[in-house]
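Please look at the sequence and the structure, then read on.

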Amino acid sequence: MAPAASADLTLRCDLNEVARADAWLQQFCAGHGVVEDALYDLRLCLDEVLANVIRHGYGVGENGTILVTIECPGDRVRLEVRDAAAPFNPLDAADPDLDVAPEDRPIGGLGIFLVKQLMDTVSYDYERGENRLSMERSLRRR
Amino acid sequence: MALTVTVIERRRAQSPPATVVRLAGRLDTAAAPQAERDFAPILAGGPKVLVIDLAGLEFISSAGLRLLFDARRSVQERGGEVVFSSPQPAIRKVFEIVRALPDLAVFASDEELDDYLATMQHRTTGEV
């Protein structure tokens with residue numbers, strides 16, 4: 001069996017880098033036959049996770065490096081985002097209360113909630129000084 | 001495609017005057033700060049009816065949702081109303097996930113929007 005194709009990208013802690021990551025993600029997916037619905041979800045999740053690391057992990061204006069890896073094992077796509085900011089598990093955050101009117105919900109939590117809804121699995125671990133968030137989505141599901 | 005924000009004053013017979021903000025492109029993390037600056041003068045004007053036209057919007061992230069929700073709150077606090085029109089399926093899906101529907105008034109087409117605004121006119125003026 002041929003090894004799963006993968007790619008990685010190193011980003012600085014800068015919100016402008018999110019657009020570069022998006023272009024990179026699109027390019028990889030175009031070469032791997034990722035269907036439009038899956039690509040949309042992946043783009044949204046990468047945007048949310050990177051924004052989270054830059055805003056709440058390192059902090060806007062701080063120095064830091066973010067490493068993104070993508071691979072397509074079988075009929076799935078897997079994105080991994082690693083950073084060396086202080087240990088922070090975004091999955092610990094409580095889901096937003098969706099029973100209150102949208103504009104009355106507290107700021108934050110919405111992005112990670114979207115990630116949890118759009119991906120099939122999301123997992124976090126902290127190892128050797130790195131936060132690592134892994135996300136997987138089936139390419140079969142619409 | 002980056003985000004473009006176009007503002008139009010909408011005046012039609014049978015409808016109250018409305019400010020229409022037409023969004024096109026991507027309302028993501030990168031675009032949200034500029035979009036917030038674009039929205040500021042519109043919100044400062046205290047529109048009675050603000051229509052946010054989503055037909056050209058291709059992508060929205062939580063930063064974009066936050067901006068739209070905040071805009072709605074701001075207009076409502078001054079006694080106005082915000083309605084959304086013509087979201088593409090991908091945008092509608094995100095709205096659905098965060099269960100923004102049916103709290104938000106979202107119309108699938110311009111025709112539906114027209115009908116609603118006409119009803120609103122009748123409600124406020126008592127015209128038939």
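This is a predicted model: local features need pLDDT of at least 70, side-chain atom pairs count only at pLDDT 80 or more; totals for chains, interfaces and linings use all residues.

**The sheet of chain A**

Q: What is the strand order of the open sheet in chain A?
A: The open sheet of chain A has five strands with antiparallel pairing; two strands pair if DSSP finds at least two bridges between them, and strands (E, at least two residues) and helices (H or I, at least four) are DSSP runs numbered from the N terminus. The order is S1-S2-S3-S5-S4.

Q: Why is one side of S1(A) and of S4(A) left without a neighbour in the sheet?
A: Strand S1 (6-12) and strand S4 (121-127) of chain A each leave one side without a neighbour in the sheet, because each stands at an edge with a single partner strand.  Neighbouring strands of this sheet are turned by 15 degrees against each other on average, direction ignored. The reason asked for is thus the edge position, with a single partner strand.

Q: How many bridges join S3(A) and S5(A)?
A: Strand S3 (residues 76-83) and strand S5 (residues 130-138) of chain A pair in the antiparallel sense. Within this pair, Arg78(A) stands opposite Glu136(A), and Arg82(A) stands opposite Arg132(A). The number of bridges is eight.

Q: Which residue takes a positive phi in the hairpin of S2(A) and S3(A)?
A: S2(A) and S3(A) run antiparallel and are joined by six bridges. Ile70(A) stands opposite Leu79(A) in S3(A), and Leu67(A) stands opposite Arg82(A). The hairpin has four residues between the strands, and the residue with a positive phi, near 65 degrees, is Gly74(A).

Q: What is the strand order of the open sheet in chain B?
A: Five strands form this open sheet, and their pairing is mixed. Strand S1 (4-10) and strand S5 (105-107) of chain B stand at the edges, each with a single partner strand, so one side of each has no neighbour in the sheet. Neighbouring strands are turned by 25 degrees against each other on average, direction ignored. The order is S1-S2-S3-S4-S5.

Q: What angle does the direction of H1(B) make with that of S2(B)?
A: Helix H1 (residues 32-44) of chain B packs on the sheet, touching S1, S2 and S3 of chain B; contact means heavy atoms within 4.5 Å. Axes are lines fitted to C-alpha atoms, for helices over the stretch in contact, and angles run from 0 to 180 degrees between N-to-C directions. The angle is about 175 degrees.

**Where the chains meet**

Q: What area do chain A and chain B bury between them?
A: The contact takes 27 residues from chain A and 24 residues from chain B. Buried area is the accessible area (1.4 Å probe) that two parts lose on being put together, summed over both. Of the total, 56% lies on carbon and sulfur atoms, and the area is about 2200 Å².

Q: Which residue of chain B meets Asp41(A) in a salt bridge?
A: The count between the chains is two salt bridges, each a side-chain nitrogen of Lys or Arg within 4 Å of a carboxyl oxygen of Asp or Glu. In one of these, at 2.9 Å from N to O, the partner of Asp41(A) is Lys93(B).

Note on methods: Residues are numbered from 1 along each chain as its sequence is written. Chains are lettered from A and ligands numbered from 1 in the order in which they are written. Side-chain values use heavy atoms; hydrogens and water are left out.
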